[in-house]
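Please look over the sequence and the structure below. The paragraphs that follow lead through the model region by region.

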Amino acid sequence: LIVLGDVVDRGPDSAGAIEYLLKLREQCELVMLMGNHEEMMLEAFVSRGMFRSWLEVGGKEALDSYQKDMRNIPKSHRDFLGNAKPYFETETEIYIHANLEPGVALKKQPSSWLRWQHLTGFEYPHESGRRVICGHTQQKSGKPLLTDGWVCLDTSAYRGHPLTCLHVE
């Protein structure tokens with residue numbers, strides 16, 4: 001199971017979502033990718049400026065699920081998020097949170113692209129021929145975006161649309 005990031009923020013129970021994934025990884029192979037919201041949450045521990053910015057984009061809701069106090073976020077949750085991968089690849093797919101900078105090798109992709117850059121809908125297929133599976137760019141229609149070589153699964157679940165998953169086979 002590959003989680004494309006943005007598990008925390010905006011929803012009613014970020015703490016419960018992480019706890020669910022911690023239990024789920026005992027039952028299956030689980031790969032957690034770092035999303036921009038996980039990055040902000042982790043940076044909020046060390047930067048007062050990021051803490052304030054994080055609260056404005058869903059961090060308040062996440063913090064509410066920890067009884068409104070960063071000190072209530074268990075080390076196991078921080079470690080889980082801190083160990084999230086920047087990307088994951090198989091023979092047929094590349095999994096990322098947001099986007100890929102064209103012409104840059106996967107191992108050299110900047111986090112600004114992997115976690116923050118929205119899709120335009122005009123991305124070229126990856127030069128490897130593998131399909132790119134991502135999230136981050138909200139599809140306000142509630143349906144995945146399918147383009148040549150790309151699938152975006154961010155179907156605006158926090159806005160009431162279904163949470164979307166993909167069985168790649």
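**A walk through the model**

His-136 is found in the loop between S5 and S6, where helices (H or I, at least four residues) and strands (E, at least two) are DSSP runs numbered from the N terminus. The model is predicted, so local features need pLDDT of at least 70 and side-chain atom pairs count only at pLDDT 80 or more, while totals for chains, interfaces and linings use all residues. Residues are numbered from 1 along each chain as its sequence is written, and side-chain values use heavy atoms, with hydrogens and water left out.

His-136 has a positive phi of about 70° although it is not a glycine. Most residues other than glycine have a negative phi. His-136 counts as buried because its relative accessible area is 8%; buried means under 20% relative accessible area, exposed over 50%, and partly exposed in between, with a 1.4 Å probe and protein chains only. Asp-6 also has a positive phi, near 60°, and is not a glycine. Asp-6 lies in the loop between S1 and H1 and is partly exposed, because its relative accessibility is 25%.

The loop between S5 and S6 also holds Gln-139. Gln-139 is buried because its relative accessible area is 13%. Leaving out residues up to four places away in sequence, Gln-139 touches Pro-144, Leu-145, Cys-152, Asp-154, Thr-155 and Ser-156, where contact means heavy atoms within 4.5 Å. Thr-155 counts as buried because its relative accessibility is 2%. With the sequence limit of four places applied again, the contacts of Thr-155 include Gln-139, Pro-144, His-161 and Leu-163.

Next comes the sheet. In which order do its five strands lie? The order is S3-S4-S5-S7-S6, in an open sheet with mixed pairing; two strands pair if DSSP finds at least two bridges between them. Strand S3 (88-89) and strand S6 (145-147) are the edge strands, each pairing on one side only. Strand S4 (residues 93-95) and S5 run parallel and are joined by three bridges, with Ile-94 opposite Val-132 in S5. From S4 the chain crosses through H5 to S5 in a right-handed β-α-β crossover. A crossover is right-handed if, with the strands pointing away from the viewer, the path from the first strand over the helix to the second runs clockwise.

S5 and S7 also pair in the parallel sense, over three bridges, and here Cys-134 stands opposite Cys-152 in S7. S6 and strand S7 (residues 150-152) pair in the antiparallel sense over three bridges. In that pairing Leu-145 stands opposite Cys-152.

Gly-129 lies in the loop between helix H5 (111-116) and strand S5 (131-134). Gly-129 is exposed because its relative accessibility is 67%. Gly-129 and Gly-149 are 20 residues apart in sequence, and their C-alpha atoms are 7.6 Å apart in space.

An α-helix has 3.6 residues a turn, so residues three or four places apart point the same way.

The pockets remain. Rolling a probe the size of a water molecule over the atoms shows where empty space is left. On a 1 Å grid over the protein atoms alone, a pocket is an open set of points where a 1.4 Å probe fits, with protein on both sides within 12 Å along at least five of seven lines, and lining residues have an atom within 4 Å of a point. Grid points are joined across faces, edges and corners, and a volume is the space filled by probe spheres set on the points.

The largest pocket has a volume of about 1200 Å³. It is lined by 40 residues, and Val-3, Gly-5, Asp-6, Val-7 and Leu-163 are the closest to its centre. Strand S1 (2-3), helix H1 (14-24) and helix H2 (36-44) each give two or more residues to this lining, and H1 gives the most, with five.

The second largest pocket holds about 260 Å³ of space. Among its 18 lining residues, Leu-100, Glu-101, Pro-102, Tyr-124 and Trp-150 lie nearest its centre.
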